[in-house]
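Have the model at hand while reading.

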Amino acid sequence: MSPTDVAPQETVSPRSTSRVVNDFSIQVATVNGSGSQTANLVLLRSILLMGVPVSGKNMFPSNIAGLPTWYTIRASKRGYIGRKKEVDFLVAMNAETAKEDVMTLDAGAAVVYDEPLKLNALRSDLTFYPVPFDKLVTPVCPDAKLRRLVRNMIYDGVLAKLLGIDMSMMEQALAKQLGKKAKAVTLNQGALKAGWDYAEATFTKQDPFHIEKMNETAGKILIEGNSAAAIGCMMAGVTVVAWYPITPSSSLCESLIGYMRKYRIDKESGKATFAIVQAEDEIASLGMVIGAGWAGARAMTATAGPGISLMSEFAGLGYYAETPAVIFDVQRVGPSTGLPTRTAQGDLLSTAFLSHGDTKHILLIPSSVEECYELSMDAFDLAERFQTPIFVMMDLDLGMNNWMSDGFKYPTRPIDRGKVLTADVMKKIGEWGRYKDVDGDGIPYRTVPGDGMPAFFTRGSGHNAKAQYSERPDDYVHNVDRLARKFDTARANVPKPIVDTNREAKIGIIGYGTSHWAITESRDQLREETNVKTSYLRVRAYPFTEEMTKFIDAHERIYIVEQNRDAQLAALLRLELTPERITKLRSVLHYSGLPIDARSVSDDILSQEGFEVARRSTPTPGSMGSMTGGE
Amino acid sequence: MATAPIKVNRIGLEPQVYKGGKTTLCAGCGHNAISERIIEAFYEMGVDPRQVVKLSGIGCSSKSPAYFLGGSHGFNAVHGRMPSVGTGAMLANQKLIAIGISGDGDTGAIGIGQFVHLMRRNLPIIYIIEDNGCYGLTKGQFSPTADLGSKLKNGVVNDLPPIDTCALAVELGATFVARSFSGDKKQLLALLKAALSHRGTVMLDVISPCVTFNDHEGSTKSYSYVKDHDDPLEEVSFVPFFEDISVDYEPGTTQEVKMHDGSRLFLKKLDEAYDPTDKISALRTLHEASRRGEFATGHIYIEPDRDDFLRLLNVVDEPLASLPLERTRPPKAALDEIMEGLR
């Protein structure tokens, strides 16, 4: 945990009263199941429509209804879309957490709250806007049963007025969110207007936060990483999907089902060019994927840590029998059931070596929704090229939160189906053996059932180059050495890291996945606030590529930023670095379950660099830390 | 009925093509007899071995796919998880003919979960349990199909009730459920040929004594015990779709079942009250036989017309595995439309 995460808040300084434009965060605290998601997404999109870079993060409980949930929207004129540690504008709708939510704000923050909660008595250094939600919702929503849902739209109207968001943008966002549900649109428009009118008639703007039009979001999309990965899978030509519901990966397969039903039904026959099966568990999911991959299909599954653990045995079979498979791990907090609805990068080490014996896997690590889309396509190519399971390591923050992105590009590269034996290849290589290394790259030629080429017997037991059962020591060594050679070949074929070298920098930062967003913002903070220059290498795959050692050699100290306790990427690196290089490694670790933020990274690096780091307030509403109950 | 093997079968292949590697199981193992019947059935039905996939889990039974149909692809997967691998293979290519070989431990213990869900899905696969009531490969421990009171070689008595895989399969929705005995060549061959004509899950439990660990006095899965307690429900005859043979039978004595591919199954009933197309009758028959301490063998349950899993999934007729990219990658307009929806 970074040092500031546990710092007390005794030295809070009052915020300056100058205008804060397009650079603050809004947190909406509600009760799970109260239908606030529509209101939150409309607010998010309205800011995007104002041309202001924006991102949204949902911090929710493992529960269907009744427990507290927080949705944070960050507007950032500089385009930072990682989590911002401080909450600037609170919408307090949840009686249970309201007090703690208010008490943990920095001075100068603003609070819109449900009037009966009487929060204004709690602090004198905040701006309060009480709103009588129940009173306002009654006239706009005659149907009492719907009021609970429509009520939330009122705070959107209030915020639009207070922050200066055009009502036309709000309405446009609302129409987008609710689509063709005319009755719902009308009801919610009424609520939106009621909020606006109330704020206009009642409040004098006293807080410094404003949304002003920019032109930074033209063509941008808002999407969750899970949906982005689903689109990538569809474009990769996936045909067989087997899955078992588990947070936070379920929406990957669910959105895939939606897209496939729309775009992958054969026009003439009305039949599906895919099969999606909800399996009985994660073991069967991967079993089906391996069976399908073996029989020549592009097959995938998606899961989270507990599912990865269950898949261990099949992962080893896929590695040793050499069958293609694509597995998405949308990581959540472990160990065990852990915090199912919180984010982490804690499965890296166990997945890299998933299964018993000398097993190691290729991992792809996307940082953005765009990479979720692109690396998904890469994953299928690599799975077939290397005839092995490929793990795409996402996380809850990336998979389930809303990210702003450029639109995705249509793939132009042909797909790679790998080394499949044909009559021509047969002529060229002479004698075929399923596990024979013809080309010296460790990758053999395979045949698939029904293709008319020679058959072979696939097994997880010892085998020789001809796929015959063998317990001979030389056959075993020959085979596993070839597998190691194949893994080495992969080094040159997996996505390369993205490197940004500053020649004056003595410090190099290594990061991956969603830590990227905190790191890029932190590098700006380090440079602008303390004149600390840094270089940055963002890992996108395991095995590591040659750029890694060059990067380490070019810097005096290397900070590896990760969202886990045990410095898992650093551990993987240590396995292959020389002792001199290992001595350069330091870690910045964040593992509270909340997405990593830039300030924590900056403070941690500065502290390790010997700077005096100011103590700051607690990172999040205190109640999030003490939330209990529900499963 | 089956014509005696001559030189080639109806697709011009010699019997030799249907053979596999040399067995490494014990001499006299019931599993070897089952492999022989599989070879005969596939040869006589004229199945193209290149279209066949042989699947198995782990155990003595699961080794046997190496001993038949050497020209077919095989997949010896992990313990108890063959159903999922077979499901994946059939999803990838529904033109394949899948035969899965499991054992009583592989199915009844570690694999019971996948077995249950395979039966529910009615996936087109012939699922054979080579059932000897013990774990042969780990030297004879009881398996979940061991009968109450059955004795191990060392005198240990089984005091847990057995799982009746046939009753379970009927209950769960399998559409072709049969039980046979590795020693009953005629019945087993007829059932295997009928299995090849069925579109859906075939669950065939074949009692197959373990000559090394479970063939002694006191065992209820020994050759002599099974021979003495085999209670055939009917005389099974099978007429494949490609043979135009008329079968005469006395009305009321024989039930004719029309198979998915046009083949016909004739069940000459030994028990008048028994109807293999009636689930309740099938379950009652199994329970009654079990109460008598006997094995009801033959065709236990059949539902020839229910949609199989691939039909339910509404997949295109061609194998998904070999669909060209233009049919599996939506056009640019589709991506543009999705992107527009996200702006």
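## A helix pair

A crossing is called right-handed if the near helix is turned clockwise from the far one by less than a right angle, and left-handed if anticlockwise. In this predicted model, the crossing of α7(A) and α8(A) is right-handed. Helix α7 spans residues 225-235 of chain A and helix α8 spans residues 250-263 of chain A. Their axes lie 8 Å apart, at an angle of about 45°. Angles between 35 and 65 degrees fall in the oblique class, so α7(A) is oblique to α8(A).

Which residues make the contact? From α7(A) come Asn226(A), Ser227(A), Ala229(A), Ala230(A), Ile231(A), Cys233(A) and Met234(A). From α8(A) come Ser251(A), Leu252(A), Ser255(A), Leu256(A), Tyr259(A), Met260(A) and Tyr263(A). Ten of these contact residues are nonpolar, four are polar and none is charged.

## The five-stranded sheet

Chain A also holds an open sheet of five strands, in the order β19-β21-β20-β23-β24. Its pairing is mixed. Strands β19 (498-500) and β24 (585-589) of chain A are the edges, each pairing on one side only. On average, neighbouring strands are turned by 20° against each other, direction ignored.

Strands β20 (residues 507-512) and β23 (residues 557-562) of chain A run parallel, joined by four bridges. Ile507(A) stands opposite Arg557(A) of β23(A).

## Helices on the sheet

Helix α17 (residues 515-530) of chain A lies across β20, β21 (534-539) and β23 of chain A. Helix α17 runs at about 155° to β20(A). Helix α21 (residues 598-608) of chain A packs on the sheet too, touching β23 and β24 of chain A. The direction of α21 makes about 145° with that of β24(A).

Definitions and conventions. Residues are numbered from 1 along each chain as its sequence is written. Chains are lettered from A and ligands numbered from 1 in the order in which they are written. This is a predicted model: local features need pLDDT of at least 70, side-chain atom pairs count only at pLDDT 80 or more; totals for chains, interfaces and linings use all residues. Two strands pair if DSSP finds at least two bridges between them. Helices (H or I, at least four residues) and strands (E, at least two) are DSSP runs, numbered from the N terminus. Axes are lines fitted to C-alpha atoms, for helices over the stretch in contact, and angles run from 0 to 180 degrees between N-to-C directions. Two residues are in contact if their C-beta atoms, placed from the backbone, lie within 7 Å. Angles under 35 degrees count as roughly parallel, over 145 as roughly antiparallel, 65 to 115 as roughly perpendicular and the rest as oblique. Ala, Val, Leu, Ile, Met, Phe, Trp, Tyr, Cys and Pro count as nonpolar, Asp, Glu, Lys and Arg as charged, and the others, Gly among them, as polar.
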